[in-house]
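Subject: Structure for you to look at

Hello,

Here is the structure I promised to pass on. Please open it first, then read my notes below.

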Protein chains: 2
Amino acid sequence: MADDTGIDALIDLMARLPGLGPRSARRAVLVLLKKRAQLMAPLAQAMAEVALTAKDCHVCGNIGTSDICSICADPQRATGEICVVEDVADLWAMERGQAFKGRYHVLGGTLSALDAVGPDELGIPRLVARVADEGAREVILALNATVDGQTTAHYIADALAPSGVQITTLAQGVPIGGELDYLDDGTIGAALRARRRL
Amino acid sequence: MADDTGIDALIDLMARLPGLGPRSARRAVLVLLKKRAQLMAPLAQAMAEVALTAKDCHVCGNIGTSDICSICADPQRATGEICVVEDVADLWAMERGQAFKGRYHVLGGTLSALDAVGPDELGIPRLVARVADEGAREVILALNATVDGQTTAHYIADALAPSGVQITTLAQGVPIGGELDYLDDGTIGAALRARRRL
């Protein structure tokens, strides 16, 4: 495409990123080529550094640049509450919400018989042990509202039942700024069933 | 966002690429973090290599990894035809068309009084000298069909007039697969004026 093996290889690699196809990868590489010193070199260095230093947190499964992630290492975060999420992306989304001040447990997926993902692959025994070790008061299951997510949530609730820890899940209802007319029927039904006094 | 300075810095840099905003940059970095060995490390290396080796071709202004780009260095390409394009992106687009077998001259922009881009910034004197040196038979002005592009094309045509070289421009008309109903009036008019015997 660029008639140059080095640049072509770079375009091919960029095209494998989500949200970039061959055409937009080409456009991105052209911008990089024009801003070699200001953008391309720093980006290459930042990427190499993170590739070298990124690791999964031993405690919660979050990705950071040390053995214990910044959330687990933060003494300000409450230790009694563990929020279970499917993915690091979900953890980041929760953090953007700035509403949760406890700690996390990242599953790395959902239970799936088809993909041979069982409780061990998701570290559920590790979660059960952690709840006992840390003497957690509450486990919040913040899994996606999909069939797989909810199946996994029910499995975890069953696995945690003997420990006596309080198990909660995110509320379902009308999103902030949401218009009823555009909501699906299931969400409206859930919001109605979970209605509260004003 | 990721509560980690290294990863946050990488997201910020990625978000400066065209086609990626803060949200899609985050998504791209998450994929990179999950594919550290298969994708992130090779991408960082390819980028660092190109950042170090990329340079503008002395002859035509194309970007490659050597002083003379692969097109100018190719003895198979006709020396008598020079195709003038605004940008390296346009050169790549011409190459994808696989119709042109000559060589290029990349202006790097268009004449613009507002942005203080004059003939010298675009290397037009260098083009005039090159046409004389190489004894070119034809100069094809493949500039964008915009006001700036056409102004620049006319300026170059005037500058090359004394050399006696044949000056041509890309045909305007209905694009392959185009439907008349969706074409703008200017294009239909241009296609009608340039109609040819079937």
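How many residue pairs are in polar contact across the interface of chain A and chain B? The rule finds 6, counting pairs with both residues at pLDDT 80 or more. Keep in mind that this is a predicted model.

Salt bridges come next. There are 4 between chain A and chain B. One of them joins K34(A) to D87(B), with the closest N and O atoms 3.1 Å apart.

Now the pieces of chain A that touch chain B. α1 (5–14), α2 (22–34), α3 (36–53), β1 (55–56), β2 (63–64) and α4 (88–97) each supply at least two residues. α3(A) gives the most, with 13 residues. By class, this side of chain A has 32 nonpolar, 6 polar and 12 charged residues.

Then the extent of the contact. Chain A puts in 50 residues, and chain B puts in 50 residues. Together the chains bury about 4800 Å², and 71% of that is on carbon and sulfur atoms. In chain A, the most area is lost by R36(A), M47(A) and W92(A), which together make up 15% of what that side buries.

Best wishes

Key: Residues are numbered from 1 along each chain as its sequence is written. Chains are lettered from A and ligands numbered from 1 in the order in which they are written. This is a predicted model: local features need pLDDT of at least 70, side-chain atom pairs count only at pLDDT 80 or more; totals for chains, interfaces and linings use all residues. Side-chain values use heavy atoms; hydrogens and water are left out. Contact means heavy atoms within 4.5 Å. Buried area is the accessible area (1.4 Å probe) that two parts lose on being put together, summed over both. A salt bridge is a side-chain nitrogen of Lys or Arg within 4 Å of a carboxyl oxygen of Asp or Glu. A polar contact is a pair of N or O atoms within 3.5 Å; within protein, one must be able to donate a hydrogen and the other to accept it, and residues adjacent in sequence count only if both atoms are side-chain atoms. Helices (H or I, at least four residues) and strands (E, at least two) are DSSP runs, numbered from the N terminus. Ala, Val, Leu, Ile, Met, Phe, Trp, Tyr, Cys and Pro count as nonpolar, Asp, Glu, Lys and Arg as charged, and the others, Gly among them, as polar.
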